[in-house]
Structure formats: structure tokens, C-alpha cells
Amino acid sequence: MRFMAGSEVADWRRSRLAFVLSAIFFCAAVSAQSQTGLPEGNGKALIEATCAQCHDLERVSNARFTREDWQITVTRMVAHGAVLKDNEIAVVTDYLARNFLGQPAVVIPGAEDAIEKALFAAPANLRPAATVIRWKPDQTYETLKKGTNRLVCYDRSGFPLEPPFSVECTSIGNLERVAQNLKFEAAGGGDEKKTQALFDALEKEGTRVKPEHGSIWHQFRGADQARARMHLTVAVPGGTAQSTGLPVTRDPMNAWIMDAGTSSAHIMLPGR
Ligand code: HEC
């Protein structure tokens with residue numbers, strides 16, 4: 001160390017003290033961080049360092065997934081921006097699958113084909129953990145596959161006003177809305193105007209069930225599977241041009257809002 005004048009020595013001592021203090025605080029912060037309640041094991045520290053950057057670690061420790069679904073979830077988190085090297089992904093996935101293992105989705109035997117068909121409408125990353133139901137004529141349903149995420153898919157092929165091939169997925173929170181859709185579409189008997197009038201009446205009475213704000217409707221529809229097209233909309237019940245800042249007329253190049261001001265208001269996305 002070079003020679004220092006007295007005042008310089010004092011400065012150096014102060015900065016050294018500051019360094020020591022900050023090191024103590026840093027360690028305290030680290031040890032507080034490691035009191036996250038995650039079970040001990042290889043991968044714990046990585047998860048504490050990486051996974052709390054965007055959400056609570058409770059989001060992680062409350063989840064119960066199969067090994068396959070953890071793999072998909074961790075891959076999705078990396079796509080969101082979680083920074084993990086390939087070997088760390090394996091360590092983290094293994095830790096999660098060991099500590100937070102969930103039951104695999106339960107499938108009703110014999111329903112495999114119906115499940116596969118309904119899941120055509122699901123985005124690939126949500127497919128394994130999605131639920132699949134089968135609607136009955138009285139708008140109740142049976143569960144063909146009990147999933148572990150919030151996506152639910154079902155077949156509507158040939159229902160009134162639906163094309164011969166029609167499958168749909170949405171949030172599990174929208175099932176009451178779907179049941180109402182199916183009930184009044186059935187009552188409309190395939191007549192578009194009559195059906196619309198029934199929905200307008202519900203809207204007016206204030207009894208139209210609202211979808212979850214921001215929930216997505218995924219539809220895959222067409223004359224048959226080969227000619228079916230994907231369509232994706234975002235529900236913004238009650239949304240208007242003012243509340244969303246979007247135009248109310250069709251715009252093939254930009255997002256716009258359809259059925260503005262009603263419970264059916266939804267954002268149409270270009271190319272979707
Ligand atoms: C860059 C931000 C970011 C980081 C880092 C991140 N996540 Fe997430 N996480 C999200 C977002 C956004 C969602 C909600 C959307 C979704 O599920 O894809 C989410 C949701 C989740 C969910 C709920 C998924 C479900 O299907 O219910 C789990 C579990 C999860 N994260 C685990 C993790 C784990 C484990 C890590 C660390 C490896 C991690 N997250 C790191 C952004 C992040």
C-alpha cells in the first residue's frame with residue numbers, strides 16, 4: 001500500500017468500515033432470502049436466486065406438477081426471461097419434480113380421442129396440464145381429463161351456429177359463460193338473428209354472464225380439421241374505445257375491439 005496522509009487514512013478506514021457494514025447487510029439479506037421455506041436440496045439456491053425476480057416463490061412452492069409439466073413450466077419461465085444455463089435448468093427441474101410433484105392429469109378411459117381433438121385448440125405449452133370437458137345437452141358437463149392449469153377445452157363441432165369442426169379452449173373461470181352461450185345458441189335453433197336477439201335481451205336485463213377480464217378464447221374451427229383455422233381473442237367485458245384506446249372497426253393490421261361496451265367486448269389481434 002502506498003503512503004497515505006492522515007486524512008487519507010481516515011477516509012480509507014471509513015470506506016473500509018462502509019465496506020464491512022455493507023458486507024454484513026449483504027449477508028443478512030442473503031440469509032433472510034434463504035429463509036424461504038423451500039425444502040433443502042440441490043437446486044434450492046438456484047431457485048431462490050432466479051425465480052423470485054418476477055413473482056413470489058410461493059407461486060413456485062404452491063404449484064404441484066408432474067415432472068413433464070415442470071419441464072414445460074421451467075422452459076416457459078426461461079422464455080419469459082428467467083436466466084438459467086442448460087445444466088441449471090436440469091437441476092431446477094429435478095428439484096421441483098422431487099419436492100412439488102403433482103398427480104398427473106386424470107384421463108377417463110376411452111376418451112383419449114375426444115381429448116386429443118379438444119386439445120387442438122390449446123396452445124402447445126398449456127396442453128399437457130389443460131382440462132378437457134364434454135358438454136351435455138343440458139349444458140352441464142363431464143370431465144374427460146382433469147388438468148392442473150386453468151385452461152379448459154371442449155368440442156363444439158356441429159353445435160348450433162358452429163361449423164362441422166369446432167373446438168375451443170378458455171379459462172376455467174369462463175365455464176358459466178360458456179354454459180350460457182350454449183344454452184341460448186341451442187334455444188336459437190341455428191338462427192343467427194334469433195340467437196343474437198336472445199343474447200341482446202340478456203345483456204339488457206343485466207343477466208349475461210361476464211367472462212374473466214383478460215382471459216383468452218382459443219378457437220380452432222372450420223369445415224373439417226384440415227381446413228380449420230386458429231382464432232384467438234382476449235375478453236375485456238365492458239371495454240370500450242375509450243377504456244382500451246383501440247378502434248371499434250375492423251383493422252387487419254392492428255388490434256381492435258369488437259362488441260365494445262357489452263359483456264362480449266373482446267380484443268381482436270391482427271393475424272390471429
Ligand atoms: C422473467 C420473469 C419470470 C421469472 C424469472 C420466473 N417466472 Fe415464473 N412466471 C412468470 C410469468 C409471467 C408467469 C405467468 C404466466 C405463465 O404461467 O407463463 C409465471 C408463472 C409461474 C408459475 C405458475 C404457472 C401455472 O401454470 O400456474 C410457476 C409455477 C412459475 N412461474 C415458476 C417459476 C420458476 C420455478 C421459476 C424459476 C426457474 C420462475 N417461475 C421464474 C414470470 C417469471
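Where is Ala130 found?

Modeller: Happy to. Ala130 is in the loop between helix H6 (112–118) and strand S2 (131–135). Helices (H or I, at least four residues) and strands (E, at least two) are DSSP runs, numbered from the N terminus. Residues are numbered from 1 along each chain as its sequence is written. Keep in mind that this is a predicted model, in which local features need pLDDT of at least 70 and side-chain atom pairs count only at pLDDT 80 or more, while totals for chains, interfaces and linings use all residues.

Ala130 is buried, because 23 other C-beta atoms lie within 10 Å. With C-beta atoms placed from the backbone, buried means 20 or more other C-beta atoms within 10 Å of a residue's own, exposed means 12 or fewer, and partly exposed is in between. Of the 272 residues of the chain, 26% count as buried.

Leaving aside residues up to four places away in sequence, Ala130 touches Leu119, Ala122, Gly147, Asn149, Leu151, Val152, Cys153 and Cys169. Contact here means that the two C-beta atoms, placed from the backbone, lie within 7 Å. Ala130 and Lys146 are 16 residues apart along the chain, and their C-alpha atoms are separated by 7.5 Å.

Leu151 lies in strand S4 (residues 151–155) and is buried, since 23 other C-beta atoms are within 10 Å. Setting aside residues up to four places away in sequence, Leu151 touches Ala122, Leu126, Ala130, Thr131, Cys169 and Ser171. Leu151 and Pro123 are 28 residues apart in sequence, with 9.7 Å from C-alpha to C-alpha. For the chain as a whole, 50% of the contacts between residues at least 6 apart in sequence join residues at least 24 apart.

Gln139, in the loop between S2 and strand S3 (141–146), has a phi near 65°, a positive value in a residue other than glycine. Leu161, in the loop between S4 and strand S5 (165–171), has a positive phi too, near 70°. Most residues other than glycine have a negative phi. Gln139 is partly exposed, with 17 other C-beta atoms within 10 Å, and Leu161 is partly exposed as well, with 16.

Moving on to the helices, Thr73 is found in helix H4, which spans residues 67–80. Thr73 counts as partly exposed because it has 19 C-beta neighbours inside 10 Å. Its C-alpha is 8.0 Å from that of Asn125, which is 52 residues away in sequence.

H4 also packs against helix H5 (86–99). Their axes come within 9 Å and cross at roughly 135°, where axes are lines fitted to C-alpha atoms, for helices over the stretch in contact, and angles run from 0 to 180 degrees between N-to-C directions. H4 and H5 are therefore oblique to each other; under 35 degrees would be roughly parallel, over 145 roughly antiparallel and 65 to 115 roughly perpendicular, with the rest oblique. The crossing of H4 and H5 is right-handed, meaning that the near helix is turned clockwise from the far one by less than a right angle, with anticlockwise being left-handed. In this contact, Arg67, Trp70, Gln71, Val74 and Val78 of H4 meet Ile89, Val92, Thr93, Leu96 and Ala97 of H5. Those residues divide into 7 nonpolar, 2 polar and 1 charged, where Ala, Val, Leu, Ile, Met, Phe, Trp, Tyr, Cys and Pro count as nonpolar, Asp, Glu, Lys and Arg as charged, and the others, Gly among them, as polar.

Finally, H4 gives the largest share of the shell around the ligand, 5 residues. H5 is among the helices that each supply at least two residues of that shell.
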